[in-house]
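Reader: I would like to go through this model term by term. Please set each value against its definition.

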Amino acid sequence: NTHTLTHPTGVLSFVVSLVLTRGVEQVKEDMDDNEMPLIGQFGHCSQELVNLMLTGYAHSNVFDGSKYLGDDPSTGVMLKGITGACRIGYLSEVEALRYCEVGLHYKHPDVPIWVLGSPDHYTCLFALDANVAKVSVAQKTEQEATRAFRSIDCEQTGFVSVDQLPRLLELVHLQQHTKDAQRTLGGSMGGGIILWHDFWSWVRAKKGVNQPGMDDGPPQKMVLCLYDGQDPPGPTLKRFLIERHDLDLAAAQSDMVDRFHAALHTRWPRCIVTDLDETYSRMGG
């Protein structure tokens, strides 16, 4: 009902509709702490409500899958994240500060649209070219290997115990190469550990993919638009040119990287970002 949504209480009606569609008890079950409100301090939208809108589940985190608190099953506290592929993505300005981890499901949505979270409000990042959301075969393979490794290395230390090798091979569907994995990775395991770099190099070789390239993936250059509906001072629209590179060119950029540019680098780590134009003050004005 368009009239209901455009009414002064339209946002409240929309939130109530979301909760009732999912079910009040199910929303509580989705959350890590069912005593937490969906609307936080100063009227800010909670992460649970953002996730409910984007995925249909009111989970409390933005990493892939679920994991125990402190990676310790004995705590009995399960932290719930994003369970599968998403139509619309999500990025966070605070991920670059290591305050949260946005998983690959949110970073690689079906369409090139991302809600961008910041400490004070939400904006929308999008591209008009659908190919921006395209993922190459090599990138898909790396994502699969990354999810497998991180499901065990929950703290992202960059290594796992050699005892976890059978589980790793099962997750990347390479159990038939167990002996080769034990022999190849065994030569690089110090103190009974497997390093992420060694594991990924081995998986890439076994699956016949080279270093992720740009031929069958997204375009090398792409234009992203950032819409900020906050008023005042907006609403505003800005355009940015993203140039992907195989090498990490972060050092070539200014040392004064703002939160927005840092957020872009969490999704496109090897890229140069250029502001294409000045902010359009007052869209349509």
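Author: We can begin with a loop: His173 sits between helix H7 (165-171) and helix H8 (178-186). Its phi is near 60 degrees, a positive value in a residue other than glycine. The model is predicted, so local features need pLDDT of at least 70, side-chain atom pairs count only at pLDDT 80 or more, and totals for chains, interfaces and linings use all residues. Residues are numbered from 1 along each chain as its sequence is written, and side-chain values use heavy atoms, with hydrogens and water left out.

Reader: What makes a stretch a helix or a strand here?

Author: Both are DSSP runs numbered from the N terminus: helices are H or I with at least four residues, strands are E with at least two. The chain comes to ten helices and ten strands.

Reader: Why is Arg98 called exposed?

Author: Exposed means over 50% relative accessible area, buried under 20%, and partly exposed in between (1.4 Å probe, protein chains only). Arg98 has 77% relative accessibility, so Arg98 counts as exposed. Arg98 lies in the loop between E3 and H5, and its phi is positive, near 65 degrees.

Reader: What makes helix H4 mostly covered?

Author: Seven of the nine residues of H4 are buried. Among them are Leu49, Val50, Leu52 and Leu54. Across the chain, buried residues make up 42% of 285.

Reader: Which elements do the buried residues of H4 pack against?

Author: Contact means heavy atoms within 4.5 Å. The buried residues of H4 pack against helix H2 (10-22), helix H3 (24-30), E3, helix H5 (104-107), E4 and E5. H4 (residues 47-55) lies across E3, E4 and E5, at about 155 degrees to E3. Axes are lines fitted to C-alpha atoms, for helices over the stretch in contact, and angles run from 0 to 180 degrees between N-to-C directions. Gly56 follows H4, with a positive phi near 90 degrees.

Reader: How do you know that strands E4 and E5 pair?

Author: Two strands pair if DSSP finds at least two bridges between them. Five bridges join E4 (residues 113-117) to E5 (residues 122-126), so the two strands meet that definition. They run antiparallel. One of the bridges links Gly117 with Tyr122 in E5.

Reader: What makes E3 and E10 edge strands?

Author: The open sheet has six strands in the order E3-E4-E5-E8-E9-E10, with mixed pairing. E3 (89-92) and E10 (271-275) each pair on one side only. Neighbouring strands of this sheet are turned by 30 degrees against each other on average, direction ignored.
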